[in-house]
Amino acid sequence: MFHKRKFSPVFPEKYVGDPTNIIMRSSWETQFANWCDRNPSIIKWSSEETIVPYRCPTDNKIHRYFVDFKITTVNGKTYLVEVKPKQQTIPPVYPGKRTQKYLTESVTFMKNQAKWNAATEFAKDRGWEFKIITEYELGLKTAK
């Protein structure tokens with residue numbers, strides 16, 4: 001189990017926000033933050049600094065979604081980026097009965113879809129793009 005930890009950028013001037021208080025919640029986020037920090041094509045980046053309001057389908061209330069990353073490239077493009085396991089980006093497979101695991105995965109998937117739909121619209125309204133990065137984009141796994 002990965003525990004949250006502080007991230008210290010090599011190039012703190014690229015970070016938008018307080019570069020002494022960057023919290024990573026997974027090893028995958030840490031890997032992506034390292035890439036953002038060291039990639040010369042990324043001129044600005046931040047972690048959990050962009051907040052997107054969304055309506056949660058489980059309680060029909062407005063919540064705040066802290067997007068994992070916001071990056072701006074040398075060509076002026078801005079992206080909101082969520083780092084997630086591929087398994088959480090697809091609907092859970094019904095196992096033939098309503099197990100606790102299936103119910104939990106279903107609720108998580110519904111919440112994530114609401115967040116990502118809101119982030120997509122939020123980004124689009126600003127001329128940005130929303131992307132989901134999985135273990136495949138991070139190079140941790142290759143497609144079969």
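## Contacts and overall make-up

In the protein chain, 56% of the contacts with a separation of 6 or more are between residues 24 or more positions apart. The model is predicted. The protein chain holds 2 helices and 6 strands, and their pattern along the sequence is β-β-α-β-β-β-α-β.

Along the principal axes, the C-alpha atoms of the protein chain fill a box of roughly 50 × 35 × 30 Å. The protein chain has 144 residues, of which 36% count as buried.

## The sheet

An open sheet is formed by 4 strands in the order β3-β4-β5-β6, with mixed pairing. Its edge strands, each pairing on one side only, are β3 (42–55) and β6 (129–133). On average, neighbouring strands of this sheet are turned by 35° against each other, direction ignored.

Strand β4 (residues 62–73) pairs with β3 in the antiparallel sense, over 11 bridges. R55 stands opposite I62 in β4.

## Helices on the sheet

Helix α1 (residues 27–38) packs on the sheet and touches β3, β4, β5 (78–83) and β6. The direction of α1 makes about 35° with that of β4.

Helix α2 (residues 100–125) also packs on the sheet, where it touches β3, β4, β5 and β6. The direction of α2 makes about 120° with that of β3.

## Surface and charge

The protein chain has an accessible surface of about 9100 Å², and 53% of this belongs to carbon and sulfur atoms. Its side chains include 24 positive and 15 negative ones. The centres of these two sets lie 5 Å apart.

Methods
Residues numbered from 1 in each chain as written. Predicted model: local features only at pLDDT ≥ 70, side-chain atom pairs only at ≥ 80, totals over all residues. Heavy atoms only, no water. Pairing = 2+ DSSP bridges. Axes fitted to C-alpha atoms, helices over the stretch in contact; angles between N-to-C directions. Contact = heavy atoms within 4.5 Å. Buried < 20%, exposed > 50% of the residue type's maximum accessible area, 1.4 Å probe, protein only. Areas by Shrake-Rupley, 256 points an atom, 1.4 Å probe, with all protein chains shown as cover. Lys, Arg positive; Asp, Glu negative; His and termini not counted. Charge placed at Lys NZ, Arg CZ, Asp CG, Glu CD.
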